[in-house]
Amino acid sequence: MRIDRTASHHVFVAGGIGVTAILGLLEGLPPGASSEIRYCVRHREHAAYLDVLQASGAEVILHESAAGGRLDVPALTAGLADDATVYCCGPEALMAEMAEAASRLHPDRVRCESFTGRVSAPGDRLGDSFEARLMLSEQVIHVAEDESLLQAMLRENVPVDYSCEGGACGSCVLEVVDGEIEHRDLCLSDEERGQSMAACVSRGKGAISVQA
Ligand code: FES
């Protein structure tokens with residue numbers, strides 16, 4: 001992504017760890033340009049680089065999905081001034097929403113770069129298969145070697161929040177009721193790992209039970 005030097009206002013939309021791409025762009029803003037950052041995370045405590053963003057001079061608006069503050073992408077793009085350009089970097093779900101909402105804007109006014117923490121291709125083995133008992137929906141689902149718990153839950157139409165799909169944002173964190181977890185996330189503390197797991201990357205060792 002490159003800064004649009006013809007724009008009078010710059011709107012940065014970052015999802016989870018996609019904020020790292022936005023940090024680079026901020027450094028290239030023309031002097032005097034007005035800007036705002038829409039930063040989408042599950043919880044404020046998962047908002048990496050928030051202090052850096054706040055020190056950048058841009059207006060920073062935090063959208064915490066766990067607190068009901070999810071970004072309304074269609075409303076954002078509908079309200080864009082003609083001379084504003086929007087830049088978006090985040091997980092697939094956010095990018096798809098942005099592409100849909102921005103389809104009526106001039107292509108030069110929307111600049112996107114996808115980010116995903118996935119390091120595997122579909123069909124790659126991610127680890128041993130395991131069973132997950134979902135306490136709230138009262139289901140037991142099988143998580144195959146080549147899928148994550150998050151993917152298995154989505155396949156079974158179990159409602160689950162998610163964003164980065166790379167273990168970074170904390171959106172998909174579930175309470176673990178029972179079982180042993182192989183943690184692969186970047187967002188939980190050792191203490192939190194005692195009772196939680198990131199469904200997008202971490203795996204059960206054998207059967208586990210989670211609150212979902
Ligand atoms: S979706 Fe971001 S940590 Fe799982």
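**Exercise 1.** Which residue forms a salt bridge with Lys205, and how far apart are the closest N and O atoms?

*Solution.* The structure is a predicted model.
Step 1: The partner of Lys205 is Glu180, and the closest N and O atoms are 3.5 Å apart. A salt bridge requires a side-chain nitrogen of Lys or Arg within 4 Å of a carboxyl oxygen of Asp or Glu, and the pair is counted as one.
Step 2: Locate the two residues. Lys205 belongs to strand S10 (residues 203–210) and Glu180 to strand S8 (residues 173–182), so that the pair links distant parts of the chain, 25 residues apart.
Step 3: Classify their accessibility. Lys205 has a relative accessible area of 45% and is partly exposed; Glu180, with 48%, is also partly exposed.

**Exercise 2.** Determine what the salt bridge of Arg70 ties together.

*Solution.* 
Step 1: The side chain of Arg70 meets that of Glu97 in a salt bridge, at 3.6 Å from N to O.
Step 2: Arg70 lies in the loop between strand S3 (59–64) and helix H3 (73–78), whereas Glu97 lies in helix H4; the pair therefore ties together parts that are 27 residues apart in sequence.
Step 3: Exposed means over 50% relative accessible area. Arg70, at 56%, is exposed, while Glu97, at 24%, counts as partly exposed.

**Exercise 3.** Are Arg38 and Glu36, which meet in a salt bridge, buried or exposed?

*Solution.* 
Step 1: The side chains of Arg38 and Glu36 meet at 2.8 Å, N to O.
Step 2: Both Arg38 and Glu36 are buried.

**Exercise 4.** Identify the buried residues of helix H4 and state where on the helix they lie.

*Solution.* 
Step 1: In H4 (residues 92–101), the buried residues are Leu94, Met95, Met98 and Ala101.
Step 2: When H4 is viewed down its axis, these buried residues fall within an arc of 135°; they therefore line one face of the helix.

**Exercise 5.** Describe the surroundings of Ser202.

*Solution.* 
Step 1: Ser202 is placed in the loop between strand S9 (196–198) and S10.
Step 2: Buried means under 20% relative accessible area; Ser202, at 1%, is therefore buried.
Step 3: Leaving aside residues up to four places away in sequence, Ser202 touches Ile181, Glu182, His183, Arg184, Asp185 and Met197.
Step 4: For one of these, Arg184, the backbone nitrogen lies 2.9 Å from a polar atom of the Ser202 side chain.

Note on methods:
Residues numbered from 1 in each chain as written. Predicted model: local features only at pLDDT ≥ 70, side-chain atom pairs only at ≥ 80, totals over all residues. Heavy atoms only, no water. Buried < 20%, exposed > 50% of the residue type's maximum accessible area, 1.4 Å probe, protein only. Helix = DSSP H or I, 4+ residues; strand = E, 2+ residues; numbered from the N terminus. Arc of directions from axis to C-beta. Polar contact = N/O pair within 3.5 Å; in protein donor to acceptor, adjacent residues only side chain to side chain. Contact = heavy atoms within 4.5 Å.
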